[in-house]
Amino acid sequence: MARRLTGILKDGSGGDCVAARIEDYARRYGGAAQDSLDERKTDYRNFENTYYDLVTDFFEYGWGQSFHFAPRAANESFAASLARHEHYVAHRLGLAPGMTAVDLGCGVGGPLIEIARFSGARIVGVNNNALQLERAARRCDEVGLGHLADWIECDFMRVDAPDASFDAAYSIEATCCAPDKKGVYGEAFRLLRPGGQMAVYEYCLTDRFDGADPGHRRLKAEMEHGGGLPDIARPHEVDAAVRDAGFELVEARDLAAEAPPGIPWYQPLTGSGLSFASVRSSDAGRRVTHGSLWLLERLRLVPRGTTRVSALLNLAAGALAEAGRLGIFTPMYFVLARKPG
Ligand SMILES: C[S@@+](CC[C@H](N)C(=O)[O-])C[C@H]1O[C@@H](n2cnc3c(N)ncnc32)[C@H](O)[C@@H]1O
């Protein structure tokens, strides 16, 4: 499952251009000011693609093939918690054999493969990142689920598929990358047949976020900078965008706030963790990775710029963990919406 450290950014992720691409990303991010934010939104396809070309190997190395968080019960493994979070989407959408769903921003296919296997539905993965899509399709074939999957390389703001061609739509921690929420939900609305449902895990600032608090503002900026995000929304903005796109809002709630006692979603970024994946993603694990990469970069065993990418991800991880601990951010604002008809 995991990549070797020396394989990071070696094949297909930029090779010798890593230093130039991380510089390009830093320039595109520009800062937390409004004009930089506007530019990130206008230029979102390049901004996102540059980010995911750089970080995909790190995500697979430290986290696995499902690039999302999950509520985790006591005694539940990291892998089981991720799968349960994915199964919940399938369950709420009522996915079953004979149905077709679209996965908007499907990453390297971890959730799509799990949801296809769990539900028997056919799933079409949409992603504008060619490197990720190629890995997703290859893995899906390797596990014998190719007959239940299709892939479209395109922007989820303009999906290359006919109106009303899907029974269901879902997106797991990907619409947070959209430059405009109403735009991406509107595209899901167009793709759904009347009566079809959309389920989303959205990134949101919670009511505890105080825009006047410099510490909160810094954490928001670091999550956006390190996470390749244009702007993190508030729950009421998400709800309004879902309705403005034409949907009936069936349910919207923060799953992190109601999680039973267990292991908080941000724990893999802080504690020692129990699984191999969470050891690597923990604070101590990331320090070891960062130090090793620093050495490997000097020895020219990984491309120049790799350590800067690692630092960028550590910025995001630290901010996510602190924002989670303070309760000012959630990666699992769950939305279920229905297209009337
Ligand atoms: C945090 S990852 C989540 C991936 C996947 N849903 C998962 O949980 O493993 C966000 C994904 O959204 C994709 N993405 C970002 N902007 C996109 C866009 N405009 N069109 C299509 N995909 C996009 C990225 O390439 C990445 O795969």
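**Close-up views of the ligand shell and the domain contact**

View 1. The shell around the ligand is made up of 10 nonpolar, 9 polar and 4 charged residues (nonpolar: Ala, Val, Leu, Ile, Met, Phe, Trp, Tyr, Cys and Pro; charged: Asp, Glu, Lys and Arg; polar: the others, Gly among them). This is a predicted model, in which local features need pLDDT of at least 70 and side-chain atom pairs count only at pLDDT 80 or more, while totals for chains, interfaces and linings use all residues. Residues are numbered from 1 along each chain as its sequence is written. In total, 23 residues surround the ligand (C-beta atom, placed from the backbone, within 6 Å of it). Look for Phe 67, Gly 105, Gly 107, Ala 174 and Cys 177, which are the closest.

**View 2. Elements of the shell.** At least two shell residues each come from helix H3 (44-62), helix H5 (110-119) and strand S3 (122-127) (DSSP runs numbered from the N terminus: helices H or I, at least four residues; strands E, at least two). With 3 residues, H3 gives the most.

**View 3. The ligand between two domains.** The protein chain is divided into domain 1 (5-67 + 262-325) and domain 2 (73-216 + 233-256 + 330-338), with bounds from an automatic or database domain assignment. Both domains give residues to the shell, so the ligand lies between them. Their centres, taken over C-alpha atoms, are 22 Å apart.

**View 4. Where the domains touch.** Here 24 residues of domain 1 are in contact with 25 residues of domain 2 (C-beta atoms, placed from the backbone, within 7 Å). On the domain 1 side, H3, strand S8 (262-263) and helix H11 (276-281) give two or more residues. H3 gives the most to this side, with 8 residues.

Note on methods
Contact = placed C-beta atoms within 7 Å.
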